[in-house]
Amino acid sequence: MPLRAAAEARNVWKIYRVGNVDFPALRGVSVRIPESSFVVVLGPSGSGKSTLMHLLGALDTPTRGEVIVSNRKVSEMSEDERARLRRDTIGFVFQHFYLINRLTAVENVELPMVAKGLPPRVRRARALELLGLVGLRGKALRKPTELSGGEQQRVAVARALANDPKILLADEPTGNLDTKNAERVMNILLKLNEDLGKTIVVVTHNPEHVRYANYVVHMRDGKIVKVEEGGRGGEEPRWLITL
Ligand SMILES: Nc1ncnc2c1ncn2[C@@H]1O[C@H](COP(=O)(O)OP(=O)(O)OP(=O)(O)O)[C@@H](O)[C@H]1O
Ligand SMILES: [Mg+2]
């Protein structure tokens with residue numbers, strides 16, 4: 001089957017201005033994320049991984065170049081359209097869970113559905129189902145502070161899935177977890193990819209995580225320096241970077 005891109009960066013530059021100095025965090029990055037693939041992004045601290053994830057997730061726009069998500073140029077969208085894209089098409093998981101502490105787990109998962117205007121009973125049922133998917137059905141009424149780090153991250157994964165996104169972007173989702181909980185979160189992402197066909201992009205510092213991946217993207221100094229097949233095999237790794 002020919003590969004198709006769920007998200008794509010075309011010669012993307014991101015230049016941050018600090019004081020009166022320009023700092024290029026991304027220096028001409030081109031990459032296509034194949035639909036329904038599992039991509040792991042590796043690279044030293046400061047190599048531009050988070051910057052790239054923010055651009056692919058339409059949380060930010062590039063200084064130069066194009067980002068295309070679901071066949072649409074993000075730069076040509078209005079702020080409203082971008083917000084809708086983030087709400088409906090992209091799920092984001094961060095290293096620091098960012099759950100709302102005064103809400104219960106299930107209410108946190110419901111939040112993106114509130115934004116979408118789903119009726120309370122529908123969103124509650126779906127949120128509970130998603131908590132079941134991450135193994136937390138029994139802790140739905142706990143507050144984040146009453147959950148372990150691993151459990152909080154699983155709630156964050158459930159929340160990212162609330163509006164059934166096609167793409168799940170996870171920026172060091174296991175960065176604050178011990179090995180066992182990290183494996184658990186990675187296995188949930190694996191299941192979402194295998195069973196539901198979600199496109200998954202995970203930034204990690206753990207080279208062992210390449211075993212979950214179809215493709216491994218290596219970054220250094222604001223560039224992609226190599227793409228290779230991951231442990232689960234991926235056809236034509238070169239396709240990701242030949243635009
Ligand atoms: N808002 C900002 N303003 C200025 N410079 C920034 C900003 N955000 C990131 N940078 C710089 O851009 C570079 C890339 O940052 P980025 O966060 O993408 O790296 P990273 O690969 O995710 O690193 P880490 O593994 O530490 O998370 C870094 O040198 C960083 O200092
Ligand atoms: Mg980062």
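The predicted model contains an open sheet of six strands in the order E6-E7-E8-E3-E9-E10, with mixed pairing, where strands are DSSP runs of E of at least two residues and helices are DSSP runs of H or I of at least four, numbered from the N terminus, and where two strands pair if DSSP finds at least two bridges between them. Strand E6 (90–93) and strand E10 (223–229) stand at the edges with a single partner strand each, so one side of each is left without a neighbour in the sheet. From one strand to the next the twist averages 15°, angles being taken from 0 to 180 degrees between N-to-C directions, with axes as lines fitted to C-alpha atoms, for helices over the stretch in contact. Residues are numbered from 1 along each chain as its sequence is written, while chains are lettered from A and ligands numbered from 1 in the order in which they are written. Because the model is predicted, local features need pLDDT of at least 70 and side-chain atom pairs count only at pLDDT 80 or more, whereas totals for chains, interfaces and linings use all residues.

Within the sheet, strand E7 (residues 167–171) and strand E8 (residues 199–203) run parallel and are joined by five bridges, with Ile200 in E8 as the bridge partner of Leu168. Strand E3 pairs with strand E9 (residues 215–220) in the parallel sense over four bridges, and here Val41 stands opposite Val217 in E9. The hairpin of E9 and E10 has two residues between the strands, and in it Asp221 takes a positive phi near 50°.

Helix H6 (residues 179–196) lies across strand E3 (38–42), E7 and E8, and runs at about 155° to E8. The axes of H5 and H6 come within 9 Å and cross at roughly 15°, and the two helices are therefore roughly parallel to each other, a term covering angles under 35 degrees, with over 145 counted as roughly antiparallel, 65 to 115 as roughly perpendicular and the rest as oblique. In their contact, Gly149, Gly150, Gln153, Arg154 and Val157 of H5 meet Asn181, Arg184, Val185 and Ile188 of H6.

A further helix pair is formed by helix H3 (residues 105–116) and helix H4 (residues 120–133), which pack at an angle of about 125° with their axes 9 Å apart, and that angle makes H3 oblique to H4. On the H3 side the contact includes Ala105, Val109 and Met113, and on the H4 side it includes Arg123, Ala127 and Leu131.

The residues around ligand 1 are Tyr16, Val18, Phe23, Ala25, Gly43, Ser45, Gly46, Ser47, Gly48, Lys49, Ser50 and Thr51, a residue being placed near a molecule if its C-beta atom, placed from the backbone, lies within 6 Å of it. Strand E1 (5–18), strand E2 (21–34) and helix H1 (49–56) are the elements that give two or more residues to this shell, and H1 supplies the largest share, three residues.

Note on methods
Two residues are in contact if their C-beta atoms, placed from the backbone, lie within 7 Å.
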